[in-house]
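Keep the viewer open while you read.

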Protein chains: 4
Amino acid sequence: MKKELCSVAKNFTFSIDVDKKLALFDISGSIAHVQMLVKQKIIKNHDGKKIISGLKKIRDEIRNNSFVFKENDEDIHTAIERRLNELVGSVAGKMHTARSRNDQVVLDEKLYLKNVMPEIENAISSLQSVLVDKADAYFDICIPEFTHFQPAQPVLFSHHLLAFVEMFERDKQRIQDCLKRVDICPLGACACAGTSFPVDPEFVAQKLTFQQVFRNSIDAVSDRDFILETLAVNAMLMLHLSRMAEELIIWHNPLIGFVELPDEFCTGSSIMPQKKNPDVLELIRGKTSTIIGNLTGMFTLIKALPLSYNRDLQEDKRFLFESCEISHLSLILMAEIMKGTKINREKMENACHYGYIEATDIAEFLSGKGIPFRQAHHIVAKIVGFACEKGVRLFELKDTELKKLGIDDDTINFIKNLDVHKSIHLKRSPGSTGIKQVKEEVKRWKNILK
Amino acid sequence: MKKELCSVAKNFTFSIDVDKKLALFDISGSIAHVQMLVKQKIIKNHDGKKIISGLKKIRDEIRNNSFVFKENDEDIHTAIERRLNELVGSVAGKMHTARSRNDQVVLDEKLYLKNVMPEIENAISSLQSVLVDKADAYFDICIPEFTHFQPAQPVLFSHHLLAFVEMFERDKQRIQDCLKRVDICPLGACACAGTSFPVDPEFVAQKLTFQQVFRNSIDAVSDRDFILETLAVNAMLMLHLSRMAEELIIWHNPLIGFVELPDEFCTGSSIMPQKKNPDVLELIRGKTSTIIGNLTGMFTLIKALPLSYNRDLQEDKRFLFESCEISHLSLILMAEIMKGTKINREKMENACHYGYIEATDIAEFLSGKGIPFRQAHHIVAKIVGFACEKGVRLFELKDTELKKLGIDDDTINFIKNLDVHKSIHLKRSPGSTGIKQVKEEVKRWKNILK
Amino acid sequence: MKKELCSVAKNFTFSIDVDKKLALFDISGSIAHVQMLVKQKIIKNHDGKKIISGLKKIRDEIRNNSFVFKENDEDIHTAIERRLNELVGSVAGKMHTARSRNDQVVLDEKLYLKNVMPEIENAISSLQSVLVDKADAYFDICIPEFTHFQPAQPVLFSHHLLAFVEMFERDKQRIQDCLKRVDICPLGACACAGTSFPVDPEFVAQKLTFQQVFRNSIDAVSDRDFILETLAVNAMLMLHLSRMAEELIIWHNPLIGFVELPDEFCTGSSIMPQKKNPDVLELIRGKTSTIIGNLTGMFTLIKALPLSYNRDLQEDKRFLFESCEISHLSLILMAEIMKGTKINREKMENACHYGYIEATDIAEFLSGKGIPFRQAHHIVAKIVGFACEKGVRLFELKDTELKKLGIDDDTINFIKNLDVHKSIHLKRSPGSTGIKQVKEEVKRWKNILK
Amino acid sequence: MKKELCSVAKNFTFSIDVDKKLALFDISGSIAHVQMLVKQKIIKNHDGKKIISGLKKIRDEIRNNSFVFKENDEDIHTAIERRLNELVGSVAGKMHTARSRNDQVVLDEKLYLKNVMPEIENAISSLQSVLVDKADAYFDICIPEFTHFQPAQPVLFSHHLLAFVEMFERDKQRIQDCLKRVDICPLGACACAGTSFPVDPEFVAQKLTFQQVFRNSIDAVSDRDFILETLAVNAMLMLHLSRMAEELIIWHNPLIGFVELPDEFCTGSSIMPQKKNPDVLELIRGKTSTIIGNLTGMFTLIKALPLSYNRDLQEDKRFLFESCEISHLSLILMAEIMKGTKINREKMENACHYGYIEATDIAEFLSGKGIPFRQAHHIVAKIVGFACEKGVRLFELKDTELKKLGIDDDTINFIKNLDVHKSIHLKRSPGSTGIKQVKEEVKRWKNILK
């Protein structure tokens with residue numbers, strides 16, 4: 001018999017603080033398992049009934065927060081079994097027939113994911129809806145799109161918002177793909193070898209709405225791909241949120257002033273009363289680092305682990321829960337922030353006056369006349385250089401000045417009539433920032449998301 | 001006009017050493033783009049012909065290694081355009097009409113992936129075949145399956161090998177899922193806003209066998225999800241190879257001796273002539289760290305980048321190429337190593353005599369008689385403890401000794417007849433290490449992989 | 001006035017659950033700060049007395065766990081200030097004169113580190129002592145030292161243990177180096193610009209036993225180098241523990257059997273009663289991944305943050321506390337485990353019979369006779385190859401056999417008398433596994449650590 | 001005899017492309033080693049002379065790029081030994097007496113670091129000098145210091161620059177600390193056990209200017225702490241450069257316009273002729289991710305490796321070289337960029353008019369009059385709120401308006417005379433942005449760096 005684990009070791013090894021989140025999933029899994037044991041005549045009907053009624057009582061206790069954890073509850077599985085023993089006596093010991101913690105914990109984690117990932121997907125859709133509504137409401141505002149964080153070309157603000165809608169759509173696809181591999185029930189793999197009991201894994205899988213059943217008992221208890229994949233999917237989602245946060249933080253700076261963030265998601269300063277700090281957005285960006293760190297940690301954890309179960313795997317739950325919770329909360333918060341953000345049309349459109357961002361249109365105009373693009377590029381560079389030196393915008397250049405630079409009348413006319421709205425009106429390629437193209441996209445997304 | 005970048009800056013910013021791998025993909029993309037420009041009458045037919053013939057000549061030069069890179073070739077795109085200029089003159093400048101390096105580079109990377117990922121998938125299948133053949137050839141060998149790196153239960157060696165086949169099957173699924181998002185053609189997004197030229201992105205996409213066309217020009221040039229996803233997929237694949245490598249390295253140690261690795265993938269020592277070091281396997285395990293580092297690096301790169309294109313993104317190619325090449329080579333090498341590995345049946349089966357790994361079967365036997373599993377567990381613990389103290393195996397215990405421990409005749413009989421092969425024969429659950437179950441799995445995999 | 005942060009945002013932004021660990025350090029810092037304010041006549045003496053007596057009362061509440069956190073306590077600083085207000089009224093508001101949360105939080109973190117890092121250092125010394133005692137107690141046992149996880153050369157087990165003692169000594173040096181940069185007091189930097197109050201940062205620094213005072217207020221609130229450095233130092237320490245854990249886990253496997261781990265740090269299996277799993281060691285190894293993930297996360301967090309304070313930095317505390325706590329606990333546990341580990345001399349020495357690990361000695365013997373080392377290497381390779389084929393050990397080869405391989409009498413004599421103990425006795429280079437060398441090292445370490 | 005490694009394996013395992021950077025260090029190490037062998041009479045004097053003259057010839061070949069690598073040169077050590085054999089015949093084989101690649105490669109890496117890290121330190125000092133000169137030249141410009149990327153308080157631009165000088169000073173300290181642990185010579189550890197030859201490691205260490213000699217042969221060949229530490233130190237340095245790059249990129253955006261970056265470190269756009277992209281800075285920021293990825297990779301590599309040498313360690317060189325080269329180049333480039341950057345005083349000072357950044361000074365003024373800081377905070381918040389609503393700056397508020405808000409004459413007078421320069425003049429705390437304080441710091445740094 002093992003001596004008591006010393007108390008430091010307990011502190012180090014017990015996972016109950018983390019895995020108590022699995023309580024309800026653990027109970028659902030156990031009920032299905034016991035139903036199967038009964039059906040397969042592995043345990044008696046009346047034993048099964050007793051166990052299940054005990055489990056249901058525990059479920060109630062957990063739901064109404066009356067479940068009391070005890071000092072020796074190492075993890076959620078032992079806590080529930082301990083309580084079951086108190087409630088129904090030694091028959092509780094039959095629940096664990098033909099099951100091991102090795103397959104049980106994988107089941108719990110998968111049930112958790114089957115529950116939480118669709119919620120995350122919904123939260124993505126809600127954020128997308130907010131973005132599409134915003135794009136609709138501020139459809140025709142122009143902003144300078146940056147490349148290299150330098151003003152590059154005028155685009156519709158709505159087009160910029162829809163770029164994020166596209167990103168988030170991929171996140172939803174990835175969640176769907178990932179769930180295919182979550183949706184394989186591991187129960188019946190036992191410790192690693194399967195069992196001599198005539199279990200029916202298909203029955204359990206159906207009860208718990210799994211699409212498939214594991215094929216190899218060693219793989220079933222060793223595999224944490226589904227967690228690695230979830231962490232990677234969530235990390236990509238957080239990257240998108242982080243990029244959006246970064247832009248909003250910059251736009252909220254009064255020197256830029258494109259947006260004003262909603263008060264309820266900002267905080268003041270303890271020493272600077274005038275400030276309105278974008279704390280929630282900063283934390284979304286900051287917690288993205290945590291999520292990346294967790295992803296790294298999880299990969300490092302698995303690297304070079306021999307099969308089958310190793311206790312190292314216990315650390316996966318901390319990574320998993322944090323990743324799902326931060327992603328979920330960040331989505332909810334971002335949707336609210338975006339909803340409450342005030343758009344400053346004037347600042348956005350004024351910003352288009354910096355950096356000669358309509359220059360590309362002149363180059364395209366020249367190319368359209370048959371001048372090789374590289375040569376057109378050089379001509380426009382001359383014009384811009386001249387305007388820059390004079391400190392005027394392109395349409396302010398005089399005909400005589402442009403003629404001296406060798407520009408023909410046709411092109412001079414084009415330049416004199418060019419402004420950012422004109423620039424956008426010129427765009428007509430599929431997927432471009434053209435008025436018609438973006439309008440259709442807004443409509444398409446509204447249909448998809450309704 | 002910009003001054004020359006100083007030479008240190010060149011060294012720092014030029015990507016030609018890395019992205020020259022994209023040469024052929026860049027040319028394919030350019031040819032399709034020029035064909036579209038001609039079809040849409042954006043450039044003249046004879047100009048298009050000249051450009052395409054020049055591009056084909058360059059393709060030949062690259063294929064037969066006669067292409068000469070020049071000192072100012074910043075990246076592969078400029079190198080090819082520079083050469084095109086030499087070959088066909090200033091008409092070369094028309095190739096870049098309605099295109100930017102921002103959409104061009106994404107196209108090249110996606111063409112690269114559409115090419116290399118199926119090769120990786122094939123290499124996975126080859127490795128799976130080797131594993132299945134090995135499982136077939138050594139079908140009935142027993143090994144002690146470890147949990148916590150302690151002998152836990154006897155399983156068929158073939159069952160253990162098939163666990164890896166399952167893992168690799170998931171890798172193939174993930175590659176397929178990832179390719180869906182690679183398979184979206186970005187050409188036509190230009191710098192970020194689309195273009196005023198009447199381009200036909202669908203045409204280009206079809207020419208280059210893409211399934212879909214981008215929907216939002218800003219997203220098209222900002223998005224690197226497809227690279228993040230590839231890196232994550234490859235990193236999971238490498239984890240599987242790393243776990244396999246770890247096991248083979250341990251098994252090859254003469255104290256364990258389960259396997260003998262093939263000479264041609266081992267090296268000797270400069271000072272210890274007798275050694276046969278598993279260098280290739282160690283490097284597969286070691287390079288898995290490199291791949292995890294690259295994954296981390298890529299996530300860190302994207303975090304908090306504002307839209308749309310930023311030069312930081314240049315670093316993605318280094319991560320991408322290394323990830324794909326290491327994964328591909330590792331798979332090829334692992335298949336060869338596995339093929340040439342000698343299996344030591346005797347050592348494997350002798351190893352089953354350590355650790356009382358048949359104890360679980362006794363617990364299951366007792367449970368089958370109605371004793372709650374937890375109680376059965378305590379009874380078996382007593383038996384094992386007694387045998388351990390005496391230093392004998394379980395079937396060597398005397399009837400009288402077992403009786404003194406309170407064991408009934410039926411169970412005594414069970415124990416006396418229990419050995420590792422019996423243990424495996426008892427297993428009958430789906431996905432278990434049972435003879436019938438594993439045999440069917442070998443057959444199933446042979447069908448899938450043939 | 002700001003609207004209330006919505007409750008989800010609260011959940012997301014509040015750090016009280018994490019930073020409550022800083023409570024006592026926060027109070028110490030505040031007391032010193034208030035003492036300075038009084039000394040500098042920035043606040044009145046009797047106001048200072050009131051505040052300090054309030055702070056001491058709060059300190060007592062925290063120490064005896066009677067401090068009650070309230071729903072709106074965002075972080076530990078606001079919790080304490082809120083409580084101070086309850087205790088001493090509005091004069092509490094003077095405590096924050098010439099201070100900001102920006103410099104306050106850095107102070108708290110540094111005080112935490114000045115407290116915890118020396119404890120970690122002590123725990124390292126304790127582990128080193130256990131290792132040295134073990135080396136002393138089992139001084140003369142031989143084990144096969146592995147390179148490439150293949151038996152390479154016989155060494156003293158004690159020599160192997162002392163390798164870890166060396167590693168841990170470097171960890172202690174790194175902690176000392178890191179503390180130099182922790183030991184710079186940031187108080188007085190305020191939000192970022194310093195203050196118009198005539199504060200005396202030197203006084204505060206001395207009260208709190210800091211060696212130095214910050215030099216630049218912007219740097220003082222932006223800098224998190226000291227946390228990055230701590231995380232890196234702790235991660236290296238964990239790598240050492242992880243390598244030791246890996247070896248012990250392998251050695252504890254009955255097929256190797258070099259050691260038997262103490263029961264109280266192992267656990268059994270719920271389904272396999274005979275097992276003794278090295279769970280604590282597995283978790284030390286597993287949590288090393290968590291620590292590496294945290295290190296990555298912290299680096300990612302800081303990358304590309306503009307100066308000065310950004311809310312992202314809040315995430316640093318989670319990384320910091322976890323890193324210090326896991327390192328500290330792991331050290332304590334490893335020392336206990338090592339202390340209780342039983343050494344199996346027989347298995348270790350028997351293991352030396354595998355792999356012809358005395359071959360290098362023959363090569364050195366031949367070189368000593370003037371044969372170039374590379375040639376000696378080839379000769380020995382022949383001998384080993386022959387012995388291997390015959391399945392005998394080197395000293396079992398017959399004279400006639402060796403002569404046929406072209407070996408001279410002198411060398412034959414050397415080979416016939418060679419065994420692992422002899423091999424070790426031959427070593428005489430400084431730092432080698434020679435008897436005399438290792439004995440001296442044991443003595444040296446005993447002196448250092450006593 | 002081993003069969004030839006198949007060609008794919010070669011490609012996978014050969015490190016020559018990476019480790020050829022070690023060539024000159026390898027030769028220096030070998031010369032010192034051979035001198036020791038001669039001194040200790042382990043090899044004959046004339047043999048030693050031959051070998052050394054051969055090594056010197058190879059050194060010349062490498063220096064003038066005439067050394068020819070051959071197809072079977074696995075790594076730099078074998079390449080040099082192969083060439084030595086060609087030059088001096090089989091006596092070359094004596095060079096490897098009492099040495100293994102295991103200690104040799106550690107020596108080479110340490111010699112590399114002893115060479116490159118001081119160069120990096122010098123590059124840091126050069127950058128610091130540029131920063132201090134800039135701080136001196138633009139001493140009195142005010143900028144809004146950001147916290148949460150919101151304008152917080154006015155500071156001197158020079159004070160902001162000196163914050164970076166502080167950061168870089170810590171980097172130099174860390175390099176010094178790290179070099180202490182690099183500076184331990186590993187030669188003589190051989191494969192892992194030491195040797196029977198009467199070697200003199202002290203002699204070799206002195207020849208190669210090492211401060212210390214290894215103490216434990218197993219540790220000497222297993223240890224890669226010095227590389228982990230270098231990577232961590234370089235990664236922190238890169239974080240500082242990345243933060244500086246981030247700020248410059250933002251400042252260079254014309255909407256902010258604080259600075260104009262030098263043309264020679266910017267590039268244009270292929271499609272947007274007017275742009276001046278901060279590519280080098282973006283790449284410094286981007287490559288910081290690469291460096292973080294390498295750090296992660298290296299930690300992952302070592303985690304759970306058993307002692308002593310494992311081939312996985314080969315990957316360390318790739319991490320090491322890249323980390324040192326990128327850090328070094330980034331420093332050189334940043335110094336040049338900073339030197340050439342034009343400062344826009346007008347834009348910086350105008351930016352101080354946003355965000356009521358002088359509000360803190362009013363709060364401090366009120367506190368100075370005995371009002372608790374928290375209460376002062378509320379009063380100022382009222383004033384700022386009123387001014388914000390009216391759209392005026394604080395000093396523009398009318399006496400009557402301020403009186404209505406309950407402000408006394410004294411404070412009204414203070415407010416009417418408050419502007420950003422006044423704000424800075426008010427600061428007088430050590431380390432603050434006060435004129436006197438910053439002036440002294442500039443002087444101090446000039447002294448340190450001259």
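How many residues does the contact take from chain B and from chain A? It takes 95 residues from chain B and 95 residues from chain A, where contact means heavy atoms within 4.5 Å. Before going on, note that this is a predicted model, with local features needing pLDDT of at least 70 and side-chain atom pairs counting only at pLDDT 80 or more, while totals for chains, interfaces and linings use all residues. Residues are numbered from 1 along each chain as its sequence is written, chains are lettered from A and ligands numbered from 1 in the order in which they are written, and side-chain values use heavy atoms, with hydrogens and water left out.

**The B/A interface**

Chains B and A bury about 8700 Å² between them, with 58% of it on carbon and sulfur atoms. Buried area here is the accessible area (1.4 Å probe) that two parts lose on being put together, summed over both. B:Arg215, B:Arg243 and B:Leu307 supply 9% of the area that chain B buries against chain A, more than any other three residues.

As for where chain B does its touching, helix α7 (residues 157-182) of chain B gives the largest share of the side facing chain A, 13 residues. Helices are DSSP runs (H or I, at least four residues), strands likewise (E, at least two), both numbered from the N terminus.

**Salt bridges up close**

Over all chains, the structure holds 198 salt bridges.

| Pair | Closest N to O |
|---|---|
| C:Arg83 and C:Glu86 | 2.7 Å |
| D:Arg224 and D:Glu109 | 3.7 Å |

The B:Asp279 pair crosses between chains, running from helix α11 of chain B to the loop between α11 (279-302) and α12 (316-340) of chain D. B:Asp279 is buried at 2% relative accessible area, and D:Arg311 is buried at 6%. Buried means under 20% relative accessible area, exposed over 50%, and partly exposed in between (1.4 Å probe, protein chains only).

C:Arg83 and C:Glu86 sit three residues apart in helix α5 of chain C, about one turn of the helix. C:Arg83 is buried at 18%, whereas C:Glu86 is partly exposed at 40%.

D:Arg224 is in the loop between α9 (217-222) and α10 (225-252) of chain D and D:Glu109 is in helix α6 (residues 101-137) of chain D, so this pair ties together parts 115 residues apart in sequence. D:Arg224 is buried at 2%, and D:Glu109 is buried at 0%.

**A covered helix in chain C**

α3(C) is mostly covered, with twelve of its 17 residues buried. Among them are C:Phe25, C:Ile31 and C:Met36. The cover includes α2 (16-19), α4 (45-63) and α5 (76-88) of chain C. After the helix comes C:Lys41, with a positive phi near 60°.

Most residues other than glycine have a negative phi, and most peptide bonds are trans. A cis peptide bond joins B:Leu307 and B:Ser308, with omega about -10°; A:Leu307 and A:Ser308 are also joined by a cis bond, omega about -10°. B:Cys190 has a positive phi of about 55° and is buried at 1% relative accessibility.

Methods. Salt bridge = Lys/Arg side-chain N within 4 Å of Asp/Glu carboxyl O.
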